[in-house]
Amino acid sequence: MSIGIHPAGSPSAVGADGGPRPPESRRRRRPFDLLPYALVTPLTLFIVGLAIVPAAFTIGGAFFRMQPLDPPTRFSGLDNFRNLFSDAAVRTTIGNTTLYVLIGVLVSTVLAIAMAVTLQKKFAGRGVLIAVLILPWALPGVVSAIVWSTIWDSNAGLLNSVLTSFHLIDHYQVFLGQNRLVTIVAIELVQIWQITPLSTLLVLASLQNIPGDVYEAANLDGCSTWSTFRRITLPLVRPGITVAMVQAVIVTLNVFDQPYVLNGAAPTGASLNMQTYFISFQNLDFGEGYALSLLITVATLVMSFGVLKLVYRAVEF
């Protein structure tokens with residue numbers, strides 16, 4: 001094959017017989033391949049069936065009176081929402097969940113930043129420590145609660161045993177179920193223990209993206225360790241902190257396993273997700289259950305977006 005020149009001056013491929021080859025647009029097009037779409041379609045349908053369809057049922061069911069023991073199902077407008085806000089148990093769980101979110105997000109974020117800054121420096125056993133750090137996050141919530149129940153137990157718990165051994169208390173204490181604040185703090189510590197590893201890894205990933213030249217310039221300018229941390233590390237690591245806080249908001253706002261396993265149905269530690277379960281499957285009022293689920297979803301979106309707007313800042317190196 002050789003290259004020829006058209007009268008207009010543009011190059012054109014010439015065939016073996018000396019004639020010009022047809023333009024690219026006239027060439028035979030490749031047939032449409034359905035295989036990629038056929039491979040993706042089952043997964044797409046699964047995601048739609050698993051997420052979008054239940055969400056549509058939840059939004060629709062929130063405005064209907066759905067009680068299997070008192071048929072028929074009928075449209076009720078905003079009655080389900082009015083009944084929820086007039087329910088003392090729901091108001092109590094709103095307060096409990098607010099405390100879960102405030103304590104969990106604040107403590108897990110502070111711990112994550114401190115641990116990430118520590119793990120940023122290379123030292124012997126750093127890789128092993130990071131691997132061990134992931135274990136609490138990898139455990140299911142039920143397993144974590146069962147493990148911690150051996151610590152909080154009022155009869156043979158590890159904490160009571162340690163405190164009495166050091167003569168800090170003269171008899172075993174009941175940590176869960178009596179005092180509301182103590183119960184929530186004790187339960188939330190279990191969740192903090194579980195969600196902090198992921199937050200730490202998210203912040204650590206952002207820390208490792210900061211160029212070392214920035215810290216070298218700060219040292220040359222005579223910045224102290226605290227000044228470097230406050231003026232360089234924290235501003236540049238805000239994207240990672242934002243993601244860590246958002247995932248902490250989502251997890252703490254939807255807490256269920258830890259309070260249910262550790263404290264049962266006691267109102268001192270009940271969460272909104274637990275109340276959704278009680279309304280739907282104990283009271284068999286699916287309309288109010290749908291309504292409360294919808295409120296939790298909206299609250300999760302609003303709080304996550306609020307954290308994103310308040311904390312996140314774009315970083316360019």
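This is a predicted model: local features need pLDDT of at least 70, side-chain atom pairs count only at pLDDT 80 or more; totals for chains, interfaces and linings use all residues.
1. Residues are numbered from 1 along each chain as its sequence is written, and side-chain values use heavy atoms, with hydrogens and water left out.

2. The volume of the largest pocket is about 280 Å³. A pocket is an open set of points on a 1 Å grid over the protein atoms alone, where a 1.4 Å probe fits, with protein on both sides within 12 Å along at least five of seven lines; lining residues have an atom within 4 Å of a point. Points are joined across faces, edges and corners, and a volume is the space filled by probe spheres set on them.

3. Among the residues lining the largest pocket are Lys121, Tyr215, Cys223 and Phe229. Two or more lining residues come from each of α3 (88-120), α8 (212-220) and α9 (225-236), and α9 gives the largest share, four residues. Helices are DSSP runs (H or I, at least four residues), numbered from the N terminus.

4. The second largest pocket holds about 230 Å³ of space. Of its 15 lining residues, Ile94, Thr98, Leu253, Leu272 and Ala299 are the closest to its centre. Elements giving two or more residues to this lining are α2 (79-85), α3 and α13 (286-311), with the largest share, six residues, from α3. By class, the lining of the second largest pocket divides into 13 nonpolar, two polar and no charged residues.

How values were computed
Ala, Val, Leu, Ile, Met, Phe, Trp, Tyr, Cys and Pro count as nonpolar, Asp, Glu, Lys and Arg as charged, and the others, Gly among them, as polar.
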